[in-house]
Amino acid sequence: MRQKIRKALVIISLLLFPITLNFFSPYVPIDGAMNGIIAGSLLLFMFMFVTAIFFGRAWCSWVCPMACLSEMCQGINNKKVNVKRLKIIRYFIFAVWAGFVIAMFILAGGIKGVDPLRLTSHGISVDSPAKFIIYYFVLALFFIISITVGKRGACHSICWMSPFLVGGFTIGKWLNIPQLRITSDKSLCVECGACNKKCPMSINVSLSSKDGSIETSDCIFCGECVDHCKKKALRYSIR
Ligand code: SF4
Ligand code: SF4
Ligand code: SF4
């Protein structure tokens, strides 16, 4: 039941993507920064950072439109990926992008205002046929990388938003703030490996949960491991 609800939510999110596209855009914050304006997508990234303090990367499996597309791609290529290697590309992209945004704000003379609906038409991102080109380009980019690289390949390698989530999760952990976790009861585990196979983030769940909980920021709290563990050794907890 939980997986059905989760999948329904991300399908709805993907269907709404023509409306929400610019709120996830890496370009809109740059456009805003050039004029000293905090744009809607930058506000959303900050919101993601704050929610991640408590819920980690749950956004990536319960809300993000790319979650649905990534899961569809797993039907084509369900290969485990080398997360550490792909992360290098992601953080490089993020560092360049963040540096650019900060530089634009400095050149514009600082923050002068906030425009939540920047570069949208009353909150709608794709409001003309020409803008569908960008929409299809983003979908194609995620699709091609995911089916080429493997499980959530695009999420691991090019997502400019996930560092906000990882940052929020890490700060919450440092500050010992109660956070969502997947915890385990190892006395129930029979090492069947079902959780490892099901994990969309290529986490070795049975090994990572050996000390009682999964602590990696790669976990997106999809609950696939919890729902496929026949021994009920895994569960959601607050830690
Ligand atoms: S990693 Fe990025 S694109 Fe992938 S689900 Fe998370 S926020 Fe969305
Ligand atoms: S699915 Fe459950 S029993 Fe099987 S390895 Fe994972 S935690 Fe252990
Ligand atoms: S460890 Fe479990 S909850 Fe976390 S991403 Fe993997 S399957 Fe989902």
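**Briefing: salt bridges, a buried strand and a ligand shell**

Arg-2 is partly exposed, at 32% relative accessible area. The model that shows this is predicted. Arg-2 pairs with Asp-227 in a salt bridge, and the structure holds twelve salt bridges.

- In the Arg-2 and Asp-227 pair, the closest N and O atoms are 2.7 Å apart.
- The two residues are 225 apart in the chain, with Arg-2 in helix α1 (residues 2-15) and Asp-227 in helix α13 (residues 224-228).
- Asp-227 is partly exposed, also with a relative accessible area of 32%.
- A salt bridge also joins Glu-224 to Arg-6, where the closest N and O atoms are 3.2 Å apart.
- Glu-224 belongs to helix α13 and Arg-6 to helix α1, so this pair ties together parts that are 218 residues apart in sequence.
- Arg-6 is buried, with a relative accessible area of 0%.
- Glu-224 has 8% relative accessibility, so it counts as buried, the cut-off being under 20%.

**Salt bridge between Glu-215 and Arg-239**

- Glu-215 forms a salt bridge with Arg-239, and their closest N and O atoms are 3.4 Å apart.
- Glu-215 sits in the loop between α12 (205-208) and α13, while Arg-239 is in the segment after β4 (234-238).
- The two are 24 residues apart, and the pair links distant parts of the chain.
- Glu-215 is partly exposed, with a relative accessible area of 26%.

**Network**

- Arg-6, Lys-7, Glu-71, Arg-152 and Glu-224 form one network, joined by salt bridges that share partners.
- Side chains of opposite charge can pair when their charged atoms come close.

**Strand β3**

- Strand β3 (residues 180-184) is mostly covered, with five of its five residues buried.
- Leu-180, Ile-182 and Ser-184 point one way from β3.
- Arg-181 and Thr-183 point the other way, and they too are buried.
- β3 pairs with β4 in the antiparallel sense, over five bridges.
- Ser-184 has Leu-234 as its bridge partner in β4.

**Ligand 3**

- There are 13 residues around ligand 3.
- Cys-199, Cys-219, Cys-222, Gly-223 and Cys-225 come nearest to ligand 3.
- By class, the shell has eleven nonpolar residues, one polar residue and one charged residue.

Note on methods: Residues are numbered from 1 along each chain as its sequence is written. Chains are lettered from A and ligands numbered from 1 in the order in which they are written. This is a predicted model: local features need pLDDT of at least 70, side-chain atom pairs count only at pLDDT 80 or more; totals for chains, interfaces and linings use all residues. Side-chain values use heavy atoms; hydrogens and water are left out. A residue is near a molecule or strand if one of its heavy atoms lies within 4 Å of it. Ala, Val, Leu, Ile, Met, Phe, Trp, Tyr, Cys and Pro count as nonpolar, Asp, Glu, Lys and Arg as charged, and the others, Gly among them, as polar. A salt bridge is a side-chain nitrogen of Lys or Arg within 4 Å of a carboxyl oxygen of Asp or Glu. Helices (H or I, at least four residues) and strands (E, at least two) are DSSP runs, numbered from the N terminus. Buried means under 20% relative accessible area, exposed over 50%, partly exposed in between (1.4 Å probe, protein chains only). Two strands pair if DSSP finds at least two bridges between them.
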